[in-house]
Amino acid sequence: MAELVVVAGLGLLGGSMAKALKRYTDCQVFGWNRTACVAERALAEGAIDGIADDAVLSRCDLLIPVLYPEATIGFLKRVIPQMKRGAQVVDLVGVKTAVVEAVTPVALAHGVRYTGGHPMAGLAKAGYERAFSDLFQGASMILVPTPATAEGDIDALGALFRQVGFQRIKVCDPQTHDRMIAHTSQLAHVVSNSYVKSPVSPQYVGFTGGSYKDMTRIACLNEQVWKELFLLNREALLPEIDQLLSHMTQMRDAIAAGDSDRLEDILRRGREAKERIDALNPDQPSE
């Protein structure tokens, strides 16, 4: 696999990826970060072997950008023309169609292999200070082939990501990725961000089991990142929000009308849906 890897963006995910590559592979790992002091800290701590500049980027075998979505697109449009032909790029942005459509033509024009990626791992709060090498243990990595993906790249990348701890490699097209992530991730953040704004939330102590913490944990999002993710994926996310609002309106109306039978039916259908989901995925229950 790659000998010289550059991880661009040393936040929680990028910092953890650099640390995991250092710990679990034989790759030489360089880091790049917009704020130089973060890269300097990573170097001092041994998380990377060096700080990448344009000269390193031009000769690296694999570039893994872990930046904000729009910043990733801009970074790759600038850097790919400098990279050697046959080098490889795997971005780790949480939306794929917009990034793949922007980056693929540049990669093809300069003979650089390009595949989309999305690690299904993270913490509620981000930052290099929380990065650790075992963040990806047991997690799933989504790989999205593009017209600039070469034969054998998916297998080789899958092997590399398994080395750093990923248990499952899921391969799909950009549209499937964005549709599924709109439901499994982005909608959950929409709900959590909305839920925690209740005026009674600050008085939660003593009134909670696990459900309140489960619902509010991901409200601690990075709004600069998530606004880009939501807007770039709005074609997939808006139908999910509309469907959720429809279901919640049905429940609200039944409660307002005091319609016991209708409310029981709504709740039963939700329970049965959850049971069907888990029956279809016995090795990976969604709870």
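Predicted model: local features only at pLDDT ≥ 70, side-chain atom pairs only at ≥ 80, totals over all residues.
Local features are taken from residues with a pLDDT of at least 70, side-chain atom pairs count only at pLDDT 80 or more, and totals for chains, interfaces and linings use all residues. Residues are numbered from 1 along each chain as its sequence is written, and side-chain values use heavy atoms, with hydrogens and water left out.

Eight strands form an open sheet with mixed pairing, in the order 3-2-1-4-5-6-7-8. Helices (H or I, at least four residues) and strands (E, at least two) are DSSP runs numbered from the N terminus, and two strands pair if DSSP finds at least two bridges between them. The edges of the sheet are strand 3 (50-51) and strand 8 (168-171), each of which pairs on one side only.

Strand 1 (4-8) runs parallel to strand 2, to which five bridges join it, and among these pairings V6 has F30 in strand 2 as its bridge partner. Strand 1 is also parallel to strand 4, with four bridges between the two, and here A8 stands opposite P65 of strand 4. All five of the residues in strand 1 are buried, where buried means under 20% relative accessible area, exposed over 50%, and partly exposed in between (1.4 Å probe, protein chains only). Both faces of this strand are therefore covered, with L4, V6 and A8 buried on one side and V5 and V7 buried on the other. In a regular strand the side chains alternate between the two faces of the sheet.

Strand 4 (residues 62-65) is in turn joined by two bridges to strand 5 (residues 88-91), and these two strands run parallel. The bridge partner of L62 in strand 5 is Q88, while that of L63 is V89. From strand 4, L62 and I64 point one way and L63 and P65 the other, and all are buried. Strand 5 is likewise covered on both faces, since Q88 and V90 on one side and V89 and D91 on the other are all buried.

Helix 4 (residues 69-79) lies across strand 1, strand 2 (28-32), strand 4 and strand 5, and it runs at about 155 degrees to strand 4. Helix 7 lies across strand 6 (113-120) and strand 7 (140-144), running at about 140 degrees to strand 7. For these angles, axes are lines fitted to C-alpha atoms, for helices over the stretch in contact, and angles run from 0 to 180 degrees between N-to-C directions.

A18, in helix 1 (residues 12-24), is buried with a relative accessible area of 1%. Leaving aside its neighbours within four places in sequence, A18 is in contact (heavy atoms within 4.5 Å) with V7, L10, V29, A47 and I48. The C-alpha atoms of A18 and S133 lie 7.7 Å apart, although the two residues are 115 residues apart in sequence.

V106, in helix 5, is also buried, with a relative accessible area of 16%. Beyond its neighbours within four places in sequence, V106 is in contact with L76, K77, I80 and P81. Its C-alpha atom is separated by 16 Å from that of I64, 42 residues away along the chain.

D173, by contrast, is found in the loop between strand 8 and helix 7 and is partly exposed, with a relative accessible area of 35%. Its C-alpha atom lies 8.6 Å from that of T97, 76 residues away in sequence.

T97 also belongs to the lining of the second largest pocket, together with A98, E101, Q175, D178, L231, L232, N233, R234, E235 and A236. Helix 5 (97-109), helix 7 (174-195), helix 9 (223-232) and helix 10 (234-256) are the elements that give two or more residues to this lining. The second largest pocket has a volume of about 250 Å³. On a 1 Å grid over the protein atoms alone, a pocket is an open set of points where a 1.4 Å probe fits, with protein on both sides within 12 Å along at least five of seven lines, and lining residues have an atom within 4 Å of a point. Grid points are joined across faces, edges and corners, and the volume is the space filled by probe spheres set on the points. The lining residues divide into four nonpolar, three polar and four charged, with Ala, Val, Leu, Ile, Met, Phe, Trp, Tyr, Cys and Pro counted as nonpolar, Asp, Glu, Lys and Arg as charged, and the others, Gly among them, as polar.
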